[in-house]
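Good morning. Please have the sequence and the structure open while I talk. I will go through contacts between side chains first, then helices.

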Amino acid sequence: MQPSTTSAAAPPFLTRAPVDVAGWVRAFDSRELPVLADSARLLDDLRSIEDDVDAHMIAEGIAEDPLMILKLLRHVALLRRTTTREHTDAETATEALVMLGITPFFRDFGPQPTLEDGLAGHPLAMLGLREVIRRARRSARFALAFAVHRQDHDAAVIHEAALLHDFAEMLLWVHAPAMALDIARYQHQDPNLRSVDAQRAVLNVPLSEVQQALMKAWRLPELLVRISDDQASDQTQVRNVQLAIRVARHSAHGWANPALPDDVDEIASLLTLGTTPTWTLLHEIDG
């Protein structure tokens, strides 16, 4: 299959849930990945000064757009699949851009479809998507800070693993907004309902299984796939990402959530810090 990065028109929304993970992979795989309007405008601006642009400039510009980063990593991985040359994985957006090259990047990534245009008639879905992206950005900031404190040489990959951790949920808001809203409605009606149970009720499968299957189908970097696997909780890098996501979720509406003290104790253990310095660090990261 040839990589595809542009589309003249958005595909229709999914209105019926596939029966299994493979069905969801096929459904998402056949649809375009839109990006934030800010990213689309930035790429258009940089395209006009291509000779003055380098990989770091582009990577910094799209650093907070999880679907643009996903789109780039997927594109480079698919190119590797269709060539006989052997390459190492591009584990970050910067590495992917260096591997691809600036001119080929602008050739392959023309004017981009945007999330805002795709969901223009679905304001509640856009709000839901923005909340997931906001949470992903906070998770990524926490994850990067934890990794830097631990002097982890894969800190950049850990940052992206946290940023992309819920990309399947983002895709659901983009391509199946009615189903995403149904899940949100079920959880609002029953605050004790686990996310995975709400997802099974609406989608037939948990989104985490869909996401792992998509990462493998798209040949995303092995390290990124491993760090993103919540089942591998015994690994320090995975715990780094998981704890970042937990503290971002539990502090989304303030720092009074009763679950936060347990999170802080585990983060303190991960970082070999005391409890009070850990609280201070979290507030500094989120400041």
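I start with W255, which is partly exposed because its relative accessible area is 24%. Here buried means under 20% relative accessible area, exposed means over 50%, and partly exposed is in between, with a 1.4 Å probe and protein chains only. Before I go on: this is a predicted model, in which local features need pLDDT of at least 70 and side-chain atom pairs count only at pLDDT 80 or more, while totals for chains, interfaces and linings use all residues. Residues are numbered from 1 along each chain as its sequence is written, and side-chain values use heavy atoms, with hydrogens and water left out.

W255 and W279 form an edge-to-face aromatic pair, 6.3 Å centre to centre with 70 degrees between the planes. The rule is that rings of Phe, Tyr and Trp (its six-membered ring) pair if their centres lie within 6.5 Å; planes under 30 degrees apart count as stacked, over 60 as edge-to-face and the rest as tilted. W255 lies in the loop between α15 and α16 and W279 in helix α17 (residues 275-285), so this pair ties together parts 24 residues apart in sequence. Helices are DSSP runs of H or I with at least four residues, and strands are runs of E with at least two, numbered from the N terminus. W279 counts as partly exposed, at 24% relative accessibility.

How many aromatic pairs does the rule give? The count comes to seven. One of them is F142 with W255, edge-to-face at 6.4 Å centre to centre and 85 degrees between the planes. F142 is in helix α8 and W255 in the loop between α15 and α16, so the pair ties together parts 113 residues apart in sequence. F142 counts as buried, at 1% relative accessibility. F142, F146, W255 and W279 form one aromatic cluster.

Next, salt bridges. The structure holds 19 of them, each a side-chain nitrogen of Lys or Arg within 4 Å of a carboxyl oxygen of Asp or Glu. In R249 and D166, the closest N and O atoms are 3.4 Å apart. R249 lies in helix α15 (residues 236-250) and D166 in the loop between α9 and α10, so parts 83 residues apart in sequence are tied together. R135, D166, E169 and R249 are linked in a network of salt bridges.

Another salt bridge joins E64 and R137, at 3.8 Å from N to O. E64 is in the loop between α3 (55-61) and α4 (66-81) and R137 in helix α8 (residues 123-149), 73 residues apart.

Now the helices. Eight of the nine residues of helix α9 (residues 155-163) are buried, so α9 is largely enclosed by the rest of the structure. Among the buried ones are V157, I158 and H159.

H175 is in helix α10 and is buried, with a relative accessible area of 5%. Not counting residues up to four places away in sequence, H175 touches F13, L14, F28, R31, E32 and P34; contact means heavy atoms within 4.5 Å.
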